Amino acid sequence: MTTTVVVTGLGIAAPNGLGTQDYWAATRTGKNGIGRVTRFDPSSYPSTLAGEVPGFVAGDLLPSRLLPQTDHMTRMALVAADWALADAGIDPAELPQYDMGVVTASSSGGFEFGQGELEKLWSQGSQYVSAYQSFAWFYAVNSGQISIRNGLKGPSGVIVSDEAGGLDAVAHGRRLIRKGTPMIVSGGVDASICPWGWVAQMAGDRLSTSDEPTRAYLPFDADASGYVPGEGGAILIMESAESACARGARIYGEIAGYGSTFDPRPGSDREPGLRKAVELALADADVAPGDVDVVFADAAGVPELDRIEAEAISAVFGVRGVPVTAPKTMTGRLYSGAAPLDVATALLAIEEGLIPPTVHVDPDEEYGLDLVLTQSRPAQVRTALVLARGYGGFNSAVVVRAVD
């Protein structure tokens, strides 16, 4: 019999709310977290807006010994993991060492830390470069630091597939639990709002250059012209339903289905892979399209990519056949942190019985989507589909559903 894998803890750091309670209060009411970049002076760059996590003071939340060895991204991941474990009612010190592993996603690694050390190398010399540079920049650093801080020696790793990676990490966590690891810390937190990271993001030629926070990121809108990047994400505690029930844990919902594909090479006549990823996820969950109550869209904000996603959704569910939402219009695209945040949001939507809104968007009717706009829509949400795509052709889909 296949093991049912559930989520029992959430830890969130997002541009419109720090902590699960603040994030959900903001998201359900459509609060915007996008504004002018403050982590550096963006005035000399074409793109000046980002979603930055407010009020995060690492020194108030982490031991001082961790600060010299960690990037801003990792500090947020460590705190989110602390919150998620507390939310799940788990004290890792009370677990056998090999009973819990860590699988996170990363898109860029510790860019801000790396930039600081490169500046020292160029301006002062190699003897001034921190030894911590050897790992603080690395894609796997969040998994490693969470594991070390909590003494977790179970199967661990990192998934690198851009924005799709957040779902891929959750799916790999589910796979490890089904293979016998009792509990997994999963999700993703990203942050590369620094000049070096900014230039790297601009190279993809998809960043919005609008300086209006409410008009810069407009997926499925005729005025869409790119996306706004952001920082943050979500960490999830996953375990078998049997384990969760045995210890009387609160269960947010089940990770019920997963599908992933890779797009064909550019210029081929083959169909993009997103629709197939959706179909695979629904089949894995044994769910019919009519059973899905809401789709959390990838929402690229790039007209051609929006068209591909809209066509995939309509092909599976019918034109305006299912409510669609993109709460990331409040936060910007958080790279590997975006999809875990959408999974957390879907679970909170299931719990409260409402679909959070897509903000600022005037939808182009040609897309044929039933977008939830402006304010939350009350609904009985039992099953949700979360979509994510990564630069270069990654497509992933996850089905989450309520557990009776």
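Start by selecting Trp137, Phe138, Tyr139 and Val160: together these residues make a nonpolar patch on the surface, with about 350 Å² of accessible area. A patch here takes residues with over 30% relative accessible area and no salt bridge, joining nonpolar side chains (Val, Leu, Ile, Met, Phe, Trp, Tyr) within 5 Å and like charges within 9 Å. Accessible areas come from the Shrake-Rupley method with a 1.4 Å probe, and for residues only the protein chains shown count as cover.

Before moving on, keep in mind that this is a predicted model, in which local features need pLDDT of at least 70 and side-chain atom pairs count only at pLDDT 80 or more, while totals for chains, interfaces and linings use all residues. Residues are numbered from 1 along each chain as its sequence is written, and side-chain values use heavy atoms, with hydrogens and water left out.

Now zoom in on Val160. Where does Val160 sit? Its place is the loop between strand S6 (157-159) and helix H7 (165-178); helices (H or I, at least four residues) and strands (E, at least two) are DSSP runs, numbered from the N terminus. Val160 counts as partly exposed because its relative accessibility is 42%, given that buried means under 20% relative accessible area, exposed over 50%, and partly exposed in between (1.4 Å probe, protein chains only).

**Next stop: salt bridges**

The structure holds 20 salt bridges, each defined as a side-chain nitrogen of Lys or Arg within 4 Å of a carboxyl oxygen of Asp or Glu. Select Glu352 and Arg28, a pair whose closest N and O atoms are 2.3 Å apart. This bridge links distant parts of the chain, since Glu352 is in helix H12 and Arg28 in helix H1 (residues 20-28), 324 residues apart. Glu352 is partly exposed at 36% relative accessible area, and Arg28 is partly exposed at 30%.

Then pick Arg149 and Asp82, which form a salt bridge with 2.8 Å between the closest N and O atoms. Arg149 lies in helix H6 (residues 141-150) and Asp82 in helix H3 (residues 72-88), so this pair ties together parts that are 67 residues apart in sequence.

Is Glu117 buried or exposed? Glu117 is buried, because its relative accessible area is 7%, whereas Lys120 counts as partly exposed at 29%.

To see a network of salt bridges, select Glu163, Asp298, Glu309, Arg333 and Arg389, which are linked in one.

**Last stop: cavities**

A cavity is a set of points, on a 1 Å grid over the protein atoms alone, where a 1.4 Å probe fits but cannot get out; lining residues have an atom within 4 Å of a point. There are two cavities of 30 Å³ or more, where a volume is the space filled by probe spheres set on the points.

For the largest cavity, select Tyr23, Pro327, Lys328, Thr331, Leu334, Ala338, Leu341, Asp342 and Thr345.

Finally, show Arg320, Pro363, Asp364, Glu365, Tyr367, Gly368, Leu369 and Leu371, which line the second largest cavity, with about 30 Å³ of space.

Methods
1 Å grid on protein atoms, 1.4 Å probe; cavity = no way out; pocket = protein on both sides within 12 Å on 5 of 7 lines; lining within 4 Å.
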